[in-house]
Amino acid sequence: MWRKTSPVTDSGPNKRLRDRLVALTRDLVLMPSYAGNTVAIRQCYEFVRNHLEEFPGVEIQDHVSADVPSLVALPSGITKPDVLMIAHLDVVHHADTEVYRSSIEEGRIVGPGAGDMKGALAILMVLFRRFHRAYPGISVGLAVTTDEESGGQHGVRYLVEDVGLRCGCAIIPDGGSLHEITVEEKGILHLKLTATGTPSHAARPWLGQNPIPQLTAALERLELSFRGLVVDEPDHWYPTCTVTAIGTENDAFNRLAAEAHATLDLRFPPPHTTESMMARVRDVVGEQIHVAAAITAEPTHLLPDPRFVEITNQLIDQPTELVRESGGSDARFLTPHGIPVLMSRPEVGNLHAPNEWIEIDSLVTYYRICESYLAKRLNVAPPAEP
Ligand SMILES: [Zn+2]
């Protein structure tokens, strides 16, 4: 078994594993796989696919929803693996495409997507290969999607809801940190508010009705209403309502707008629900303003396996913490089906910035945590090191 080491020793199997994970992560970072860059998404997808397909007893399914590809690798004959590892290969867009490369600085791989989540994807790819090479047909699957950064509707949601993909538990290294395991995530509502007015010449505004003051007054009432829900908790475990855009179709100086709209991002913990939050917003803004939802997700409990927590405790120097996250993840598509989700990850930082990073030692440590967990759960020895 692996002894607690910090940093992970730099010799023998760990050295080879580290070199492998660093090389794979850097290859993945080179591909600018942001939404809309279908060529790079496809290139990255094929790269991942080529690393998974050589094993007898592994079947690869290629799914597409609204032109968004997703890959599912399963042991043949098994539709519901005991463990499904899930990653996304898409990254956020940067206007300067020159930034899609990586460097090694102070023990970190620095580059777009290194932390979210190409380093973690590299880990899952190596885990998948090593377990399937050692134990052909083992009940471990890997799903790789390409639209997480734009909401996951055609990725994990599609696989779970439309394809019917299920598993005993899911590993999604897209939240938390090495010593922080996510147990709860806030719910999400993305809303569009629209106020409708009566256009008129702005020199005679009394002939029309201006939708802009109507909208801004409603937004102010919302601000006040949600301020009342703030509680003094270090992890901000209360509902928030944030105006993220505001505008009108009007492009004239001298005419009242026909409409004005705003978009809102709401995040909320239990006992609040999408229904109760929606009701609050409708109540506060009033009947004159139209409210439409683009994304709705209930708060989620991830129900992590205590064995995973125990193994994490054994392999890292810090005490493990179970944390609540304000942000949402693909876990929200699995938990409604009673599927437990294990969510922690290597040490990462500057997420979504060009100088995003992942710490190399923690790549190896996180690999060892997952390896121990898979071995324990599936009742096999950790695969022999190549
Ligand atoms: Zn992510």
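The legends below describe close-up views of a predicted model.

**View 1**
Ideal angles for four tetrahedral donors at a metal are 109.5 degrees. His88 and Asp174 are both buried.

**View 1. The surroundings of Tyr373.**
Tyr373 is placed in helix α9 (residues 360-378), and with a relative accessibility of 0% Tyr373 counts as buried. Leaving aside residues up to four places away in sequence, Tyr373 touches Cys169, Ile171, Asp305, Arg307, Phe308, Ile311 and Leu342. With one of these residues, Asp305, the side chain of Tyr373 makes a polar contact of 2.7 Å. Thr312 is 61 residues from Tyr373 in sequence, and the C-alpha atoms of Tyr373 and Thr312 are 8.9 Å apart in space.

**View 2. The aromatic pairs.**
The model has two aromatic pairs. Tyr34 and Tyr100 form a tilted pair, with 5.7 Å from centre to centre and 35° between the planes. Because Tyr34 lies in the loop between α1 (12-29) and α2 (38-52) and Tyr100 in the loop between β3 and β4 (103-105), this pair ties together parts that are 66 residues apart in sequence. Both members of the pair, Tyr34 and Tyr100, are buried. Phe308 and Tyr373 form an edge-to-face pair, because their ring centres are 5.5 Å apart and their planes stand at 80°. Phe308 lies in helix α7 (residues 306-315) and Tyr373 in helix α9, so this pair ties together parts that are 65 residues apart in sequence. Phe308 and Tyr373 are both buried.

**View 3. Arginine side chains over rings, and Arg130.**
Arg108 lies over the face of Trp357, at 3.5 Å from the ring centre, and Arg280 lies over the face of Phe226, at 5.7 Å from the ring centre. Arg130 is found in helix α3 (residues 114-134) and, with a relative accessibility of 9%, counts as buried. The residues that Arg130 touches, apart from those up to four places away in sequence, are Leu17, Tyr367, Pro383, Glu385 and Pro386. The side chains of Arg130 and Glu385 are joined by a polar contact of 2.9 Å.

**View 4. Backbone features.**
Most residues other than glycine have a negative phi, and most peptide bonds are trans. The peptide bond from Asp116 to Met117, however, is cis, with omega near -10°, and Met117 is placed in helix α3. Pro270 and Pro271 are also joined by a cis peptide bond, with omega about 10°, and Pro271 lies in the loop between β11 (259-268) and α6 (274-285). Ala66 has a positive phi near 50°; Ala66 lies in the loop between β1 (58-65) and β2 (68-75) and is exposed, with a relative accessible area of 57%. His236 likewise has a positive phi near 50°; His236 lies in the loop between α5 (211-227) and β10 (240-247) and, at 44% relative accessibility, counts as partly exposed.

Definitions and conventions. Residues numbered from 1 in each chain as written. Predicted model: local features only at pLDDT ≥ 70, side-chain atom pairs only at ≥ 80, totals over all residues. Heavy atoms only, no water. Buried < 20%, exposed > 50% of the residue type's maximum accessible area, 1.4 Å probe, protein only. Helix = DSSP H or I, 4+ residues; strand = E, 2+ residues; numbered from the N terminus. Contact = heavy atoms within 4.5 Å. Polar contact = N/O pair within 3.5 Å; in protein donor to acceptor, adjacent residues only side chain to side chain. Phe/Tyr/Trp six-rings, centres within 6.5 Å; stacked < 30°, edge-to-face > 60°. Lys NZ or Arg CZ within 6 Å of the ring centre and 35° of its normal.
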